[in-house]
Amino acid sequence: MTPIARRARRMSRIDSIAAPDLFVAGHTIVTDSGTTIERGDTHVTLADLAVGDTVQVEGVLQADRSVYARGIEVGGERDGDEEDQAEP
C-alpha cells in the first residue's frame with residue numbers, strides 16, 4: 001500500500017465485509033492486526049461487525065483510494081465523509 005498525504009474519516013453503513021476488508025459507501029476499508037475496533041467502550045473484532053452497521057473509520061487514504069483503517073468505531077447516526085490534510 002502506498003499512502004498519500006491525507007487522513008480520511010468516514011462515517012457510513014457497512015455495505016459488505018470480505019475479511020480483512022470492509023466496504024463502506026463504495027470505498028474499500030483495509031484493516032489489519034493494528035486496526036482498533038470499538039463498540040462504545042468495548043473492543044470488538046472484525047467478526048463482530050455486520051452489514052448495515054454504522055461505522056466511523058479513521059485512517060490514511062491510499063493512492064488507490066482505499067482507506068487503511070487505524071481505528072473503527074461502531075455506532076453513530078449520520079452518513080458522510082471528509083478528508084483532512086495529514087500531519088507532517
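How much accessible surface does the chain have, and what percentage of it belongs to carbon and sulfur atoms? The accessible surface comes to about 5200 Å², with 46% belonging to carbon and sulfur atoms; the areas come from the Shrake-Rupley method with a 1.4 Å probe, and for residues only the protein chains shown count as cover. This is a predicted model, where local features need pLDDT of at least 70, side-chain atom pairs count only at pLDDT 80 or more, and totals for chains, interfaces and linings use all residues. Residues are numbered from 1 along each chain as its sequence is written, and side-chain values use heavy atoms, with hydrogens and water left out.

View 1. Helices (H or I, at least four residues) and strands (E, at least two) are DSSP runs, numbered from the N terminus. Of the 88 residues, 34% count as buried, meaning under 20% relative accessible area, with exposed over 50% and partly exposed in between (1.4 Å probe, protein chains only). Take the contacts (heavy atoms within 4.5 Å) between residues at least 6 apart in sequence: 62% of them join residues at least 24 apart.

**View 2. Strand β4 and its two partners.** Strands pair if DSSP finds at least two bridges between them. β4 (residues 36-39) runs parallel to β7 (residues 67-74), joined by four bridges, and Thr-36 has Gly-71 as its bridge partner there. With β5 (residues 42-43), β4 runs antiparallel through two bridges, and Glu-38 is partnered with His-43. Two residues sit between the strands of this β4-β5 hairpin, where Gly-40 takes a positive phi near 65°.

**View 3. Arg-39 reaches Asp-53.** The count comes to one salt bridge, that is, a side-chain nitrogen of Lys or Arg within 4 Å of a carboxyl oxygen of Asp or Glu. Arg-39 and Asp-53 make it, at 3.7 Å, N to O. The pair links distant parts of the chain, 14 residues apart: Arg-39 is in β4, Asp-53 in the loop between β5 and β6 (54-62). Arg-39 is partly exposed at 36% relative accessibility, while Asp-53 is buried at 18%.

View 4. Leaving aside neighbours within four places in sequence, Ile-37 is in contact with several residues, including Leu-49, Ile-72 and Val-74.

View 5. Beyond its neighbours within four places in sequence, Ser-66 is in contact with Thr-28, Val-30, Val-60 and Leu-61. Arg-65 is in this loop too, with a positive phi near 75° despite being a residue other than glycine; Arg-65 is partly exposed at 43%.

View 6. The peptide bond from Ala-19 to Pro-20 is cis, with omega near 10°, and Pro-20 is found in the loop between β1 (3-18) and β2. Ala-25 lies in the loop between β2 and β3 (27-30) and has a positive phi of about 50°, although it is not a glycine. Ala-25 is partly exposed, with a relative accessible area of 40%.
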